[in-house]
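User: Please take a close look at one part of this model, the place where the two chains meet. Start with single residues if that helps, then work across the contact.

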Amino acid sequence: MLKRFGERLFSFYCHPDFQEDIKGDLEEYYALNLEDKGEKYANRKFFVDVILLFRLSLLRDNWFSRNSIYFAMVKNNLKVAYRSMMRHKFYTFLNLGGLAISITACLLIAIFVKDELSYDRHFENSDQIYRVQSYLKFADNIFDMIATPSPMAAALKQDYPEVEQSGRVRGNFSSLISVNNQFFRQENITYADNSIFDIFSIELLRGNREHLLDEPNTVVINRSTAEKLFGEEDPMGQIIRIEGQDQDLKITGIVEDIRSNTHFHFQMFRTMLDRGDHNQQFWLSNNFVTYIRLNPNTTEEAFESQFEGLVKKYFAEQVQQAVGVSLETALASGNIIDYSLIPLHDIHLHSNKDFELEANGSVQYVYLFSIIGFFILLIACINFMNMATARASIRAKEVGVRKVLGSLRKQLVNQFLTEAILNSLLAFILGIILTYVALPYFNQITNKSLVDPLFGASGLWPYLVVSCLAVGILAGIYPAFVLSSYRPVKVLKGEVTQGKKASWIRSILVVIQFTASIFLIIGSIIVYSQLSYLQNKELGFNKDQVLIVNNAGLLGQNMMSFKNELLRNPNIESVSVSSYIPAANIFNDTPFVREDATTSDEAVSIQYWNVDYDYAKTLGLQITEGRFFDREFPTDSMGVVVNETAARRFGYDDPIGKKIKPMALNAQQAVSVFTIIGVMKDFHYQSMRTDILPQILMLRPDIGGMSVKFKAAATKEVLEISEELWSEMSGGLPFEFDFLDEMFARSFDNENRIKTIFSVLTVLAILVASLGLFGLAAYVTEQRKKEIGIRKVLGASTIKLLRLLFQKFTVLVFISALLAVPVAYYFASDWLSGFAYAIKLSPVFFIAGALGTLIIAWMTVGYQSLKAATRNPIDNLRVE
Amino acid sequence: MKKYQLGEFEEIVLLTVGVLYGNAYGVSIKEEIEKRQKRKVSVGALQSALRRMESKGFLDSEFGESTKMRGGKRKRYFKITALGKKALDYNMQTRLDLWNQIPDVAFEFKLC
């Protein structure tokens, strides 16, 4: 058996000339061994010998030996490519530089896209995990949000066997905490069910998996928080105090830091049991984020259809109680209670609902950047093609001689392809170096923390090899076929085809380049103006010179004296105590109705904020009708100030003196009635992406924060005096502050990031295109040197010559503008439609984009042309 | 001289082929070397050395008779060519020269 296999193997690889006698020898050894040591040994020995006979000198004719000539040719091709690159250093520089820059851009984009697509995929069974989200509509109020009722998670697990596990989190907030009387500002705190660790496989470093958050006053923290709070000490069982709530929490577990590519980055998980409402059986209030893990055999669609039954089962009774009509009637009259699932994988890129735990990414940008990356690379490839075909005349003689000496066309194609691939290889090496140089800036702009995205674990390097070859072939294939098609007789006789035939193809390629450039320029102009429009839009309140003192409530009884002391400083204009600060992302939502309302259909969902007398003055709110709260009117405690939107929604033409009340949750509940004493101008209290919602201000003590309005140019002084006063009165609590304008600027971080990325990419694309155009212009001018000389001798002016040289490029830019404008218009209006407040698309943007490109093109071509047109004609004509 | 380059194993094989004049084929060469040198010789090493030297021109070969034991396959007999002889001479000479150059004192081993 083994012997037969050995024979086969030997015949397979051994050179036929040697087969007979060596096989004979092997047979002879076999016979001898069979006699001496038995069959088993002989068989084995035979096979071992066959293996050992696998020697280079004994192998049959193979692919390597047959192709060795080609390997020699590749070596030769590389040498020729190197020499031709060295001979034209300027063009080599343009080609390599352009290609390297565009590859850097592409690599960075690829890194970005890959990271965006990898969100949440690192959890075990991540494809079975879903988040429940709600779409609710009552009267004119629409809620499209990630929050769900408190009992949802438990009900899902209990009623549906498909649900393997369910769990809730609530909030993502920061708080002042203390450990052994040392204070820390702790970010990313959430309340969580114990079961959340069953759904998300977050590695547990310390603690008992079964008993992490199953008792009141327990907390799980992540590794870096443990290091921050306790250093070398053992954190298990230690106590963390939540300031302002007077709660002491015991650490029951340490988990690994949550990876950056996750849609939440909690650092501290407080037990849900500490919330009074954790076990509330109320279905009409949505405050909890519910995650579930389905068993592998259940599909999302199949499970989603169950929600209708769930709503029927649990909502009917409570809806009847709250609004006095049955669930069916309520739904029939246009109200909507709709729950659905979103797969965990889709949350980061596809979910943009109200109350997201963190600002998510957007698949729109992933697509957009991929397209731009592709364009930039395309532009660089086109440059390469253009340069190669334009300079064909230089290589034409070489091609002619090679052909006469017997080169086949295939070999010439190979030669030029080798050159292109060598170019692309060098450019890739340069590009990779540039990528690593740019990585810190990239991380800063994109707010990521990638270390070694190319060669690290699950890096991009396998794609690099493939794309290096692909770019080389893409850029080289067309020139290779053009160059190798020359007829040797013509070329050698001097009838050089000066790349003229390919001139129209070159024009098309240039048009593609310019189309992409114009598109990008228009795009970045629009992105830029939209975002600065948002940032500079009239906010409706004054955000400058306002100092926000956090945790003012911790001062307790000293707070009022702190406020009064501050007011004694001449630089401070007013001080208001309220934790409701615009841009702080605080929401407090409840339905209100007019006093005379008869049905719940008239309810208006209202943001109601608790403020004090000085609120309007401090934040510069504008009162359009009536007045703000005033200490002289004791009845103001039952008064409210509404914004214009709210007044409109209540349907009051003359709202002053009219009354509103919160909607009763059931018929028995008694509610107080409020009188409208003033109307304020709408102000933007949350993200500019959304409309201003109805809002009312109420005179209620709320001691969370303090805003201090001060005079211009006194920032430093005010900060110093506040801190001094604080340390006098706080008894060691840290002074935490913020400036309102900075808080507001931070709320645009995401938009600013996009703006920066887009501008950088646009500049890169234009740079690469300009490099190519520069090379092309240099070549064309060189070609027309004599023509220019003769024209000049015959009396043409410099202006006329310049016009001659500019004409072609100008026409090409115009054609490109015609192509680019509609595409840009389409994409821009699509993008702008996502904003509640958007700029109008005026023709100026498009004209500016096209003109900008034209000017850049002129400047690029201009240098070469001016040089040629002003040169002494004799220099151009003398050379033969 | 590169032309006469011989490895140690090659030299032994070449010499053995000479010793076995007229009866030098794979099996006999292997047996002879194993007997004289008391070392194991693998078929692969031997065969590749033989073919290598043949392509260098040190050896010549022709097919001989076949036996039943060989499954009807012919033997390939090797013999040394004139060039092979020169290579052997050259190798031997260079070693001899070196040997002769060693001063007598180098071999005076004393207990010290």
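**Two residues, then the interface**

B:N91 is buried, at a relative accessible area of 6%. The model is a predicted one. B:N91 sits in helix α4 of chain B, residues 82-101. Beyond its neighbours within four places in sequence, B:N91 is in contact with B:Y4, B:L6 and B:E11.

A:F12 belongs to helix α1 of chain A, residues 2-13. Between A:F12 and A:R60 there are 8.3 Å in space, C-alpha to C-alpha, against a separation of 48 residues in sequence.

Now the interface itself. On the chain A side, 20 residues are in contact with chain B, and 20 residues of chain B take part in turn. Interface size is often quoted as the accessible area lost when the parts come together. Here chain A and chain B bury about 1,900 Å² between them. Carbon and sulfur atoms carry 59% of that area. Three residues stand out: A:E20, A:E28 and A:Y29 supply 30% of the area that chain A buries against chain B.

The rule finds five salt bridges across the interface of chain A and chain B. A salt bridge also joins the side chains of A:D21 and B:R76, with 3.2 Å from N to O.

Which elements of chain A supply at least two residues each to the side that touches chain B? They are α2 (16-37) and α3 (39-52). Of the elements, α2(A) gives the most, with 14 residues. By residue class, the side of chain A that touches chain B divides into nine nonpolar, two polar and nine charged.

Last, the wider setting in chain A. The chain is divided into five parts: domain 1 (2-58), domain 2 (69-118 + 360-500), domain 3 (132-341), domain 4 (502-540 + 741-880) and domain 5 (546-740). The C-alpha centres of domain 1 and domain 2 of chain A are 51 Å apart.

Key:
Residues are numbered from 1 along each chain as its sequence is written. Chains are lettered from A and ligands numbered from 1 in the order in which they are written. This is a predicted model: local features need pLDDT of at least 70, side-chain atom pairs count only at pLDDT 80 or more; totals for chains, interfaces and linings use all residues. Side-chain values use heavy atoms; hydrogens and water are left out. Contact means heavy atoms within 4.5 Å. Buried area is the accessible area (1.4 Å probe) that two parts lose on being put together, summed over both. A salt bridge is a side-chain nitrogen of Lys or Arg within 4 Å of a carboxyl oxygen of Asp or Glu. Helices (H or I, at least four residues) and strands (E, at least two) are DSSP runs, numbered from the N terminus. Ala, Val, Leu, Ile, Met, Phe, Trp, Tyr, Cys and Pro count as nonpolar, Asp, Glu, Lys and Arg as charged, and the others, Gly among them, as polar. Domain bounds come from an automatic or database domain assignment. Buried means under 20% relative accessible area, exposed over 50%, partly exposed in between (1.4 Å probe, protein chains only).
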